[in-house]
Amino acid sequence: MENLEQKEGATPEKKTAPKEFAVTVELPSGRTANIRDGKAKHAVNASRLINGDQSKFISAMISELVEIDGKKVTFEDACGNMPLRDYTTLTITLGEENFI
């Protein structure tokens, strides 16, 4: 079995983030994601979005904290329309940066 970190795109490439963001990462799709430094209000908003379905919490946090190519990620995109490699990269980055 291959080590995931050896595969292209498995380890997110971090860049210098614009002032209002904590982290910028290049996604496997070639798009650029900027991630805000989370606050309690983001977790509260994410909890409201998921309506008790804990399986959607990470998606809700992505929608609260992330912009891709300058556009805010919607909850619907984070839950279903986002390419899986991009979603996985964002999930890994949020975990590594202690946002979730």
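Before you click anything, one definition: a residue is called buried when its relative accessible area is under 20%, exposed when it is over 50%, and partly exposed in between (1.4 Å probe, protein chains only). What you have open is a predicted model, where local features need pLDDT of at least 70, side-chain atom pairs count only at pLDDT 80 or more, and totals for chains, interfaces and linings use all residues. Residues are numbered from 1 along each chain as its sequence is written, and side-chain values use heavy atoms, with hydrogens and water left out.

**Stop 1: the whole protein**

Start with a cartoon view. You'll find four helices and five strands; here helices (H or I, at least four residues) and strands (E, at least two) are DSSP runs, numbered from the N terminus. Follow the chain along its sequence and the pattern reads β-β-β-α-α-β-β-α-α.

The protein exposes about 6,300 Å², and carbon and sulfur atoms supply 48% of that (areas come from the Shrake-Rupley method with a 1.4 Å probe; for residues, only the protein chains shown count as cover). Of the 100 residues, 33% are buried.

How much of the contact list joins residues at least 24 apart? Among contacts between residues at least 6 apart in sequence, it is 46%. A contact, by the way, means heavy atoms within 4.5 Å.

**Stop 2: helix H1**

Select residues 40–50, which form helix H1. Show the side chains of His42, Ala46 and Ile50: these are buried. Turn the view to look down the axis of H1, and its buried residues fall within an arc of 65°, so they line one face of the helix. (The arc is that of the directions from the helix axis to the C-beta atoms.) On the other side of H1, pick out Ala40, Lys41 and Arg48, which are exposed.

What do the buried residues of H1 pack against? Select helix H2 (57–65) and helix H3 (75–81), and you have both partners.

**Stop 3: the nonpolar core**

Next, colour Ile35, Ile62, Val66, Ile68 and Leu90. These have the most contacts inside the largest nonpolar core, which has 20 residues. Such a core is a set of buried Ala, Val, Leu, Ile, Met, Phe, Trp, Tyr and Cys residues joined through side-chain atoms within 4.5 Å.

Which element gives the largest share? That is H2, with four residues.

**Stop 4**

Go to Asp86, in helix H4. Is Asp86 buried or exposed? At 1% relative accessibility, Asp86 counts as buried.

The side chains of Asp86 and Ser29 are joined by a polar contact of 2.7 Å. (A polar contact is a pair of N or O atoms within 3.5 Å; within protein, one must be able to donate a hydrogen and the other to accept it, and residues adjacent in sequence count only if both atoms are side-chain atoms.)

Asp86 also forms a salt bridge with Arg31, and the closest N and O atoms are 3.1 Å apart. The term means a side-chain nitrogen of Lys or Arg within 4 Å of a carboxyl oxygen of Asp or Glu. This pair links distant parts of the chain: Arg31 sits in the loop between E2 and E3, Asp86 in helix H4, and they are 55 residues apart. Arg31 itself is partly exposed, at 31% relative accessible area.

**Stop 5: the other salt bridge**

By that rule there are two salt bridges. For the other, select Glu67 and Arg36, whose closest N and O atoms are 3.1 Å apart. Glu67 lies in strand E4 and Arg36 in the loop between E3 and H1, so the pair ties together parts that are 31 residues apart in sequence. Glu67 counts as buried at 16% relative accessibility, while Arg36 counts as partly exposed at 26%.

**Stop 6: two positive phi angles**

Most residues other than glycine have a negative phi. Now select Asn51, which follows H1: its phi is positive, about 50°, although it is not a glycine. Asn51 is in the loop between H1 and H2, and counts as exposed at 73% relative accessibility.

Finish at Asp69, another non-glycine residue with a positive phi, near 50°. Look for Asp69 in the loop between E4 and strand E5 (71–72). With a relative accessible area of 48%, Asp69 is partly exposed.
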